[in-house]
Amino acid sequence: MSKKRILSGMQTTGKLHLGNLLGALENWVSMQDEYDCYFFAADWHALASNYSQTDELKDNLLDLGVNWLSAGLDPEKSTLFIQSLIPEHAVLHVYFSMITPLPWLERVPSYKEKMEQVVNRDLHTYGFLGYPVLQAADIVLYKADYVPVGIDQLPHLELTREIVRRFHDIYKTNIFTEPEGKLGSVPKLPGADGRKMSKSYGNAIYLSDTRDEMKAKIKNIVTDPARIRKTDPGDPEKCVAYAFHEVFSDEESNKVTAEECKTAGRGCVACKKELAESVFRRIDPVLERREYWSARPKETLEALWEGTRKARAVASETLKEVESAIKIDISSFRDSLS
Ligand code: TRP
């Protein structure tokens, strides 16, 4: 039996933090053997919410490639590619945009939320409303069976299935696969201040931080606010450093840590020193590979180009089927132009 296909994308909006590594990347890495994997840099999606700040787009793309290879994505196993180098994504987005009813887009939760919450950027654009339509095109061009994403993306998957059904219905065809979202086990890693780890909160530990910067950030992780002196007993449940321990340290040592916190047997400074050791034990291999790949931008991009070539061949086959279903058979002409 052939392998099921996985596809997922990541926006090139900037530096990756530990939450991204644990939440998304490690999950992707773990699927490489079992599935036929396609992972891509969603640089057009990054543009949708940042169209006026483009200075860093290129650096971000390279940084994303470095992080992917360092985390263990393997171009020999997975097809790694760049969205904006495959015009088929844009073309299918156009076809989908013709058949997608406006209310379907206006009711997407991520859209409504961003509209209410984001104040420092203007998102009242056609492209931003159509963001999930582009995402649908990304997914179905490769006929992906599963799409590993965070829980916030599930409505986009639902919308993708709705667009697929509508397309099949209108054009009397059955070419696409209805994709399913695939939630990974996401460790609960808060930011250093206890809120969600996020670039916009300034509480994130980045893969691009130096080891010293990471150590300093770990040292500053918030602990139980009621534990003022070392001799005060603490409550691990109210301690952000303990939440980190739960992600990075093993269960046995966490039992001891919790006990020594409650009995004031160990101070927070010592506790966070141990935490730093656990964190590095886990991410050192990634950091070492980062040193390797960040010194090799050419090789990094080449890995992505190679995958892009492979992915484009798949995408253009699907687009031919799409255009033949719509009876707008221009694919063969397009080929002869290039
Ligand atoms: N919207 C996704 C995110 O912000 C990124 C993305 C774009 C994506 N296209 C995709 C994810 C296709 C999965 C499949 O995380």
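Asp36 and Arg5 form a salt bridge, with their closest N and O atoms 2.9 Å apart. Asp36 belongs to strand E2 and Arg5 to strand E1 (residues 5-11), so this contact ties together parts that are 31 residues apart in sequence. The model is predicted. The count of salt bridges comes to 21, and that of aromatic pairs to 15.

**Salt bridges**

- The two partners of the first bridge differ in cover. Asp36 is partly exposed, at 24% relative accessible area. Arg5 is buried, at 19%.
- Arg290 forms a salt bridge with Asp63, and the closest N and O atoms are 3.6 Å apart. Arg290 sits in helix H13 (residues 268-294) and Asp63 in helix H3 (residues 57-71), so the bridge ties together parts that are 227 residues apart in sequence.
- Arg290 is buried, with a relative accessible area of 11%. Asp63 also counts as buried, at 18% relative accessibility. The cut-off that places both values in this class is under 20%.
- Arg107 and Glu162 meet through their side chains in a salt bridge, at 3.6 Å from N to O. This pair links distant parts of the chain, 55 residues apart. Arg107 is in the loop between helix H5 (102-106) and helix H6 (109-117), while Glu162 is in helix H9 (residues 154-171).
- Arg107 is partly exposed, with 46% relative accessible area.
- Arg211, Asp284 and Glu291 belong to one network, joined by salt bridges that share partners.

**Aromatic pairs**

- A pair of aromatic rings is described by the distance of the centres and the angle of the planes.
- The ring centres of Tyr35 and Tyr146 are 6.1 Å apart and the planes stand at 75°, so this pair is edge-to-face. Planes over 60 degrees apart fall in that class.
- Tyr35 and Tyr146 link distant parts of the chain, 111 residues apart. Tyr35 lies in the loop between helix H1 (18-30) and strand E2 (36-42), and Tyr146 lies in strand E4 (residues 146-148).
- Tyr35 counts as buried, at 11% relative accessibility. Tyr146 counts as partly exposed, at 22%.
- Tyr38, Phe40, Phe81 and Tyr142 form a cluster linked by ring pairs.

**Charges over rings**

- Arg166 places its charged end over the ring of Trp104, 5.9 Å from the ring centre.
- Arg296 lies over the face of Tyr292, and the distance to the ring centre is 3.8 Å.

**Strands E2 and E3**

- E2 and E3 run parallel and are joined by 4 bridges.
- Phe40 stands opposite Phe81 in E3. Both residues are also members of the aromatic cluster.
- In a regular strand the side chains alternate between the two faces of the sheet.
- In strand E3 (residues 79-82), Thr79 and Phe81 point one way, and Leu80 and Ile82 point the other way. All of these residues are buried.

**Helix H8**

- Helix H8 (residues 131-140) has 10 of its 10 residues buried, so it is largely enclosed by the rest of the structure.

**Helix H7 and Tyr126**

- Tyr126 is found in helix H7 (residues 126-129).
- Tyr126 counts as exposed, at 69% relative accessibility. The cut-off for this class is over 50%.
- Tyr126 and Ala48 are 78 residues apart in sequence, with their C-alpha atoms 9.1 Å apart in space.

**Nonpolar surface patch**

- Ile328, Ile330 and Phe333 make a nonpolar surface patch of about 260 Å².
- Ile328 has its place in the loop between helix H14 (297-326) and helix H15 (331-337).
- Ile328 is partly exposed, with 32% relative accessible area. Patches are made of residues with over 30% relative accessible area, so the value of Ile328 passes this cut-off.

Methods:
Residues numbered from 1 in each chain as written. Predicted model: local features only at pLDDT ≥ 70, side-chain atom pairs only at ≥ 80, totals over all residues. Heavy atoms only, no water. Phe/Tyr/Trp six-rings, centres within 6.5 Å; stacked < 30°, edge-to-face > 60°. Helix = DSSP H or I, 4+ residues; strand = E, 2+ residues; numbered from the N terminus. Buried < 20%, exposed > 50% of the residue type's maximum accessible area, 1.4 Å probe, protein only. Lys NZ or Arg CZ within 6 Å of the ring centre and 35° of its normal. Patch = residues over 30% accessible without salt bridge, like charges linked within 9 Å, V, L, I, M, F, W, Y side chains within 5 Å. Areas by Shrake-Rupley, 256 points an atom, 1.4 Å probe, with all protein chains shown as cover. Salt bridge = Lys/Arg side-chain N within 4 Å of Asp/Glu carboxyl O. Pairing = 2+ DSSP bridges.
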